[in-house]
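Open the model in your viewer and keep the selection tool handy. We will go from stop to stop, and at each one you will hear what to select and what is there.

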Amino acid sequence: MSGLPILSILVFLPVVAAILCLVLPDRGEGAGPARIVALVASLVALALAILLLIDFPPGAQGLRYEERASWIPAIGASYHLGVDGLNVLLVFLTALLTPVALLASWDAMGRSPRLFSAFLLLLEGTVIGALTALDLVLYFVFWEAMLVPMYLLIATFGGARRGYAALKFFIYTSVGSLLMLVAILYVYFLHSAQNVEVAASFDLADLLATTISPGLQRWLFLAFALAYAIKLPLFPLHTWLPDTYTQAPVTALILATMLVKVGAYSFLRFAIPLFPQASAEILPILAILATIGIVYGGIVSAAQRDMVRLLAFSSLAHLGFIALGLFALDARAIQGSILQMVNHGLSAGALFALVAMIAARVGTFDLAAVGGLARRWPVLTGCFLLAAFSSLGLPGLNGFVGEFLILLGAFRTHPVLATVGTFGVLLAAVYMLRLFVGAMYGPERAPSGAGARASRDLSPRELAALAPLLLLIVWIGVYPAPFLRRTEGAVSQLVTNIAAAREGTPLTIAPPPRDAALTPPEHTR
Amino acid sequence: MDLVWLTLLFPLLGFAVNALLGGRLPRRAPGIVASLAMLAAFAVAIYVTADLLALPHEQQGRDVILYNWVPVAGLTVPLGLWVDPLSALMLLIVTGVGFLIFVYATGYMADDEGQRRFFANMSIFVLAMLVLVLADNFMLLLVGWGGVGFASYALIAHYFWRPEAAGAAVKAFVVNTLGDVGMMLGMFLMFREFGTLQYFGRGTAPGVFDQVAGTGVGTLAAITLLLLVGAVAKSGQFPLHVWLPDAMAGPTPVSALIHAATMVTAGVYLLARAWPLYEAAPFTLGVIIWLGAITMVGAALLGVAQSNIKRVLAYSTISQLGYMFLAAGVGAYGAAVFHLMTHAFFKALLFLAAGVAIHALHGEEELPRMGGLRRVVPSAWLAFGVGGLAIAGIPPFSGFFSKDEIIWSAFFSARGNALLGLLALLTGGLTAFYVFRAFFLAFYGAARYNLHAAEGAAPGHGHEPAQEHDDQPGDHAIHAPSFEMKLPLAVLGVLAVVGGWALIPGLTTLFEEYLEPVFAFPFAYASPVGHAGGASYWTVAVVAALTGLAGIGLAYVLYVARPALATGLATRFAGAHRLLDRRYYIDAFYDLAFVRSFRALARALSDGFDRLLDDLVDGVAAIFREASEALREVQTGYVRNYALMILGGTVLIFAFVVFRGLVQ
């Protein structure tokens, strides 16, 4: 498969299919060929992504499947895609979650299945684009383009306050992005000023060679970090998240959780390697915010009555773990973080799907209005149980491996934060059981007039949507090695590079050598 | 020995068959499948143990690695199983006693609608416990540790439609997760210190226990205390014991499994397994000794005041585990493990016997509504009596030998003293008293039960009664135990008698020799405990046996011969009785200090602080809007246009500054 431009196909197949969906007709409520076209396209993309994952050698360092083409030669922007251990799992996850989201949304696409399917596919294409782009202009284009289908999904198919939520989401996340754009331009000009003999370039590999003074790095890093911190989101920049999640169509969130992971991944790909000294300085502060997010998200989640809002705040807590692992700059913690991004995609994806399935049966997301539902749907209950315990990090399932590695690694560099973060595991047990036990156990209760669907257990279609997620939840818990091995090479390289850069030469103000204390002082006469 | 992984496979199969295709099987199939799987696992356990014992003593510790579980940069955690006499013994107890409980449960749960779910969860429970005892490293230990927490949650919530069952399940899981948090922190610190999570070295890489010497006392104290939090939570020790009595909300076989084979013994196992760490942390040992002693005495006192027969047994478990912690604390690890084994026999027996009585009375668990069952269910009477004599420490029943070993160590070990010894001795008498109080109340005196009432009181759900059995309406007869319920009673009864004979000072040293490789090899520590025997041992033994007899005698007087005296005492010491009845107000305190305050905090953050943050953001947006309105240059009436304009302006300003900087 070396000759195949596999990454370009993964980006543009969904986009082309989306355009096709747009021109296909809707045939009344929830019918029409568009969603079938979308499903087929997403399954083809998934097959390619699985091939990519299998073909990607475990332990490999460096980029694979690179594609380069001249794009805007006038400014040195090029079309450059590639994968390595940092993003290969996330590309696979995006390709997996798209058909899952389509299947889970099958009957929930409202008036216009063609629009719904098209927006989901556009989201897939732009997310994979942002995940694989290695040229900063290309990356920025995808980064901004991701917002469009999400905005349209909320604005078109959202809840009662969709207008407010969509606008808030768009403006909030744009503010950070624009500062990042300025920082990208700055680095670009700096690079071309330093390397007058070569052509100007936006390519990441070229820009990494730029010498930036520590003082300047600080500002540039902050500009990048703000964009990513909003996207993640980091406490206290999370207020767009609950509104967006509760107003968006719930089944779309299965895929939309990938948006926030692009923010996490971008730290690893861009902000930290470009500005290593600044990240060494500032990441400990961000790690504090990440830890606050773990605790704060956990506590606030436990107070929610709305199931989706509860899951939104639980996402804040989970992304706090992921961010803490990244910011710890320890190889184990970063590998744990990347795995945890996958885990969160699986468990949150399954939970959003399940909550949507429950709401489709009882007509409400309100925990106070339901109870004892386990009696009605044993299969749904079993799936919910597995997803909930995966999310709370039960040892033996996927979430545990990720969280354990994150905290184990973070404990080496930030013992206090890791200790506080570990209590997030306890909070997760509290809010997840509040969700699961609140809805499924106790005396049976549901709003009356929920209709005939209320008694039906999972349909084959719903089971098909959940099965791959649940299977991976168990697999990664029992045998995470194939996934971890694929991230090891890139993460080791990253950590080594950062350590070298922090100690290293291209500094105007050199820090005192770290082993100064070890060399015996010379006596002067 | 390399086949040890089969012991994991069989319960897994028992789970998979029930979870995935049980719906298509005949009604009784789930229990039979799960029991056969347990029998197969037990057979493998015997084979593995025999294989192990064939090796010379110094080679009795084998690492069986199945695959690399978590390989990351700078840390490789294998899915490895450590087989030595300690884990082999646990393997035998878990699969053997577990098998008997499974067989019993096939009869006990025969009419339950949720059998499939029940046996699937029971199989997972055993699987998790086996992972726990076989793990060759701490991370894998945690998988078993969390797994039993999950399985106990699912089984306590078997009757999930009952609010108290759901509440008890959540309570158990949350308290156990608190323990897990402690364990995890202990492991992180351990990894920081030793760079590994393996118990023992592999090849050239040293394990945790190999690196104890030369590590700071403070660090070791921190590691061991953090691990202890997990052990205390799992083993129901004060102050994290609160979940265990509530766990009675599950079916009785679940209680037997939790108390005898899986779950609560895990804490004691951890202390015995990690003894090289604990021996090097004197401060932690002191904590263990006193937590154990407080739990031992405090829970025994609570046992006196319980009216529910299963709760009496629950507090007796907590108290007996206190003995084991005390033993481990004073360095008598062998005695702790010995008592763990005999306790598994007689506590499983007691629970299953109580289950027969409860089953006979259609789910009645309250002692005041039992009485006179000796003639009604003689098998339960006999079994409870044997179990009672064993736990009371009456010779020659098993509990006598294992408990005396602990009492003697509490007196005469280097870390023991007279106070600890006396407490252990007196608690023995108290144990005899409250267990036989339950025995006499249930099996002697006049029959106080009303089968009509028991059924009528059931606030059932359609056909599903609140009590544990799907009774036919109009069924007011006593339910006689079936053969599959009686057989385990017989086997456990024999074990509860003879189980202690494996270690009789001066006569047999079977058990001591068996465990010797674990507690001697390869670490050179001088044991703080000498070999039991001689005059001091037999003096303690005689006094302990007499104390036990006195306890039984007192119970006989108060609950059979002169019942009026008991009621008189209860009214006379109403304050003390109330304190015990309310479980020292510990649950009430936790409810106020943690549950309610947490809820209040969560609500305040959610409705107060988070809303404030949100308003702040909207406020910033509003300021921009006001500012742009002031300009009144270009007005389209759309908020988004203003916002985008403002953003665009910001970019222009930034770009200007940047370009000027570059040009210079």
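Start by selecting helix 3 of chain A: it is mostly covered, with 18 of its 18 residues buried. Buried here means that 20 or more other C-beta atoms lie within 10 Å of the residue's own; 12 or fewer make it exposed, anything in between makes it partly exposed, and C-beta atoms are placed from the backbone. Helices (H or I, at least four residues) and strands (E, at least two) are DSSP runs, numbered from the N terminus.

Residues are numbered from 1 along each chain as its sequence is written, while chains are lettered from A and ligands numbered from 1 in the order in which they are written.

Next, colour chain A by pLDDT, the predictor's confidence in each residue, from 0 to 100. The chain A average is 88, and 93% of the residues score at least 70. Now select residues 505-525 of chain A, where pLDDT stays under 50. Where pLDDT is low, the predicted coordinates should not be read in detail.

Move on to strand 1 (residues 64-72) and strand 2 (residues 77-83) of chain A, an antiparallel pair with six bridges; strands pair if DSSP finds at least two bridges between them. Arg64(A) is opposite Val83(A) in strand 2 of chain A. Four residues lie between the strands of this hairpin, and Gly76(A) has a positive phi near 85 degrees.

Which elements cover the buried residues of helix 15 of chain A? Among them are helix 13 (307-327) and helix 14 of chain A, along with helix 5 (138-156) of chain B. In helix 15 of chain A, 10 of its 14 residues are buried, including Leu380(A), Phe384(A) and Phe389(A).

Now show both chains: 56 residues of chain A are in contact with 51 residues of chain B. Contact means C-beta atoms, placed from the backbone, within 7 Å.

Switch to chain B, which has 26 helices and two strands. Select Ala336(B): leaving aside neighbours within four places in sequence, its contacts are Val268(B), Leu271(B), Ala272(B), Met324(B), Ala327(B) and Ala328(B).

One runs from Phe238(B) to Pro239(B), with omega near 5 degrees, and Pro239(B) sits in the loop between helix 7 (217-234) and helix 8 (243-246) of chain B. Another joins Pro395(B) and Pro396(B), with omega about 0 degrees.

Finish with Met263(B), not a glycine, yet with a positive phi of about 75 degrees. Met263(B) counts as buried because it has 28 C-beta neighbours inside 10 Å. Tyr584(B), also not a glycine, has a positive phi of about 60 degrees. With 14 other C-beta atoms within 10 Å, Tyr584(B) is partly exposed.

Definitions and conventions
Predicted model: local features only at pLDDT ≥ 70, side-chain atom pairs only at ≥ 80, totals over all residues. Contact = placed C-beta atoms within 7 Å.
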